[in-house]
Amino acid sequence: MAQVKELIQQQIGSGPVLKALIQKMGFIPIIDRHLPIDPRRVGPTHGEAVAGMIACLLQGICALYRMEPFAAEEPVLRTLFPPYDAKAWHDDHLGDTLDAIWAFGPGALQGAVTAHLLQAFGVGVEQIHYDTTSFKVFGRYTAEDETAEAQDTTAGVSSAGPAAIRLPVRLVPGHSKDHRPDLNQVKGGLAVSADGGVPLLWEAQDGNQADVSTYVDYWLKVKELVGRTDFMFVGDCKLASQDNLIAIIQHQGRFLAPLPGYAGIQRQLEEWVLTNTVEDLLPRREAAGKQGWYRGFRRPYALVDAAGKQYPCEIHLVYNPRLQAEKQTSLERRLQKTQAFLEALPKRLGKRDLKRQEAIEQALEAMLKRYHTRDLLTYQIVSTTTLRKRYRGRGRPGAGTSYEEMTEVHWTVEWQWLPEAIENAKLLGGYFPLITNDPALTTGRALDIYKEQYHPEQRFKWLKGAGILAPVLLKKPHRIEAFFFVVGVLLQLLTLVEREAARRIAASGKPLIGLKPNRLPDYRPKTEALLHAFRHVTVTHVVLAEHPTEMVISPLTALQTRILHLLGLEESLYTLEYLSGPLVELDSS
């Protein structure tokens with residue numbers, strides 16, 4: 001029996017699973033086909049560099065300069081790409097890849113990757129959700145810097161290519177959704193399918209880009225990507241501007257969005273709710289598993305363009321009892337603040353800046369606007385004039401004392417609540433309107449579709465929670481725009497894994513046990529949790545005396561085997577033959 005001289009353990013964790021998933025997505029050859037390699041380049045191709053960045057992002061490595069030491073310390077990149085050593089992942093190589101992505105065009109490259117994924121994984125695109133968010137960046141950027149970056153990066157790029165010389169995304173202050181108005185920002189727009197929440201388009205936008213101006217542009221890009229116009233485009237209330245909706249109708253598209261609280265339509269909505277007598281009962285199971293009940297009805301509506309042409313639509317008014325409770329609490333709080341202001345007002349009248357009727361009325365209107373209670377009370381400003389004699393001169397008044405008459409104006413505000421308006425406000429607070437141009441939608445179906453708007457919001461929450469783009473750890477605007485493409489592919493990987501696992505769990509009827517504490521069942525496991533289950537898998541190098549070194553992989557547990565089957569992967573991933581092989585595209589079925 002050969003003598004064992006040394007045992008060397010190396011943790012490989014989820015590296016083989018990640019390698020197989022990247023092969024299954026097949027984006028490396030697509031990227032390499034569109035981004036040719038400079039013959040002088042040594043190390044990973046551009047597609048491999050993108051895969052390496054994605055692998056590091058999944059491990060919490062968000063700064064490019066940290067990838068080289070990470071590759072030297074951890075086995076993930078060695079498992080994915082055995083031929084390359086740690087120096088191959090220097091941030092200069094990765095920066096060149098970002099430059100190549102931007103020069104070609106991140107949007108065009110993402111379209112090629114997404115088109116392949118739609119076909120390979122059979123992702124449904126009948127319903128697409130869109131939303132935006134913002135990410136803070138540090139540093140100062142000028143238009144001159146952006147112009148120089150654009151000229152330097154696109155130098156030598158063929159004018160016949162998909163990317164003409166253009167300015168990169170502008171990093172400027174805007175309406176910060178991170179609540180950091182003191183910092184520059186970049187915005188991101190995300191369109192996802194309702195089928196698993198798979199990202200279709202994800203791109204960087206100028207930091208001060210108005211959300212309302214992006215919807216039609218994104219709709220056109222989605223139409224070009226999926227090759228159809230009959231998909232349901234779902235967004236928030238900024239989609240529901242008249243110009244956006246009419247433009248989508250004119251392109252034979254469909255939409256669904258909540259209406260913003262414009263005064264013109266608000267009166268019509270109130271009339272519909274107060275005069276309606278029949279509503280549909282809409283049972284719905286909430287996220288916590290409890291049965292909830294909604295009510296709703298619909299009314300015809302028409303959009304009118306500048307030329308007077310009408311476009312028929314429908315408005316679904318949905319009643320949510322939980323929303324009504326929240327709005328009623330908010331209303332009572334606003335009423336209390338309004339009353340507190342009015343009760344304290346008499347002490348301020350006639351003093352400082354409240355000596356004239358115009359000033360008093362301006363202060364009242366500003367308060368009512370702030371608390372949104374203008375329609376819930378009436379008020380009247382009343383003035384009372386009195387005459388008063390004032391002694392003229394010095395000393396005590398005497399027989400020849402003269403007096404002068406002075407006029408004093410005293411102000412009071414008489415106000416009273418409007419009980420009927422308050423009761424109507426409490427009732428109307430439970431309704432929210434959804435507008436669509438699809439007459440086949442029932443109110444219940446419209447509610448179900450709108451409730452799936454959480455898909456893009458979930459991805460934003462993950463990006464910011466994982467710190468990948470919070471803040472953005474890149475200096476050059478054009479590289480930030482290219483890095484958004486990398487993040488988009490990462491989001492596609494995450495959602496496709498979760499989609500495949502959830503579909504197979506639903507088909508088997510057996511939830512996954514072992515990821516959640518106390519052996520709670522999991523019907524929609526997260527990608528991070530699935531990969532984390534392989535963290536203790538190791539390769540042991542057995543150094544023998546006078547014999548070649550042998551390698552042994554630790555056996556898989558029942559949980560790990562089940563996860564591989566849920567992802568459509570084979571147990572042979574954890575064999576020496578697979579680990580030493582190159583990355584090749586696998587069959588996604």
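Two strands pair if DSSP finds at least two bridges between them. Helices (H or I, at least four residues) and strands (E, at least two) are DSSP runs, numbered from the N terminus. Leu 201 in β4 stands opposite Ala 191. Strand β3 (residues 184-193) runs antiparallel to β4, and six bridges join the two.

This is a predicted model: local features need pLDDT of at least 70, side-chain atom pairs count only at pLDDT 80 or more, and totals for chains, interfaces and linings use all residues. Residues are numbered from 1 along each chain as its sequence is written, and side-chain values use heavy atoms, with hydrogens and water left out.

Confidence comes next. pLDDT is the predictor's confidence in each residue, from 0 to 100. The chain has a mean pLDDT of 86, and 89% of its residues reach 70 or more. Residues 156-164 fall below 50; beyond near neighbours in sequence, this stretch has eight contacts in the model. Contact means heavy atoms within 4.5 Å. Residues 584-589 are also below 50, with 13 contacts beyond near neighbours in sequence. Where pLDDT is low, the predicted coordinates should not be read in detail.

Now the sheet. Strands of a sheet pair through backbone hydrogen bonds, either parallel or antiparallel. Here nine strands form an open sheet with mixed pairing, in the order β4-β3-β2-β5-β6-β12-β9-β8-β7. Its edge strands are β4 (199-205) and β7 (280-285), each pairing on one side only. Neighbouring strands are turned by 25 degrees against each other on average, direction ignored. Axes are lines fitted to C-alpha atoms, for helices over the stretch in contact, and angles run from 0 to 180 degrees between N-to-C directions.

Rings of Phe, Tyr and Trp (its six-membered ring) pair if their centres lie within 6.5 Å; planes under 30 degrees apart count as stacked, over 60 as edge-to-face and the rest as tilted. The structure holds 19 aromatic pairs. In one of them, the rings of Trp 202 and Phe 484 have centres 5.1 Å apart and planes at 15 degrees, so the pair is stacked.

Follow α17 to its helix partners. The axes of α7 (residues 106-121) and α17 (residues 477-508) come within 10 Å and cross at roughly 10 degrees. Angles under 35 degrees count as roughly parallel, over 145 as roughly antiparallel, 65 to 115 as roughly perpendicular and the rest as oblique. α7 and α17 are therefore roughly parallel. Among the residues that meet are Leu 109, Val 113 and Leu 117 in α7, and Phe 485, Gly 488 and Arg 499 in α17. By class, this contact has eight nonpolar, four polar and four charged residues. Ala, Val, Leu, Ile, Met, Phe, Trp, Tyr, Cys and Pro count as nonpolar, Asp, Glu, Lys and Arg as charged, and the others, Gly among them, as polar.

The axes of α1 (residues 15-25) and α17 come within 11 Å and cross at roughly 105 degrees. α1 and α17 are therefore roughly perpendicular. Leu 18, Leu 21 and Met 25 in α1 meet Val 489, Gln 492, Leu 493, Leu 496 and Val 497 in α17. This contact divides into seven nonpolar, one polar and no charged residues.
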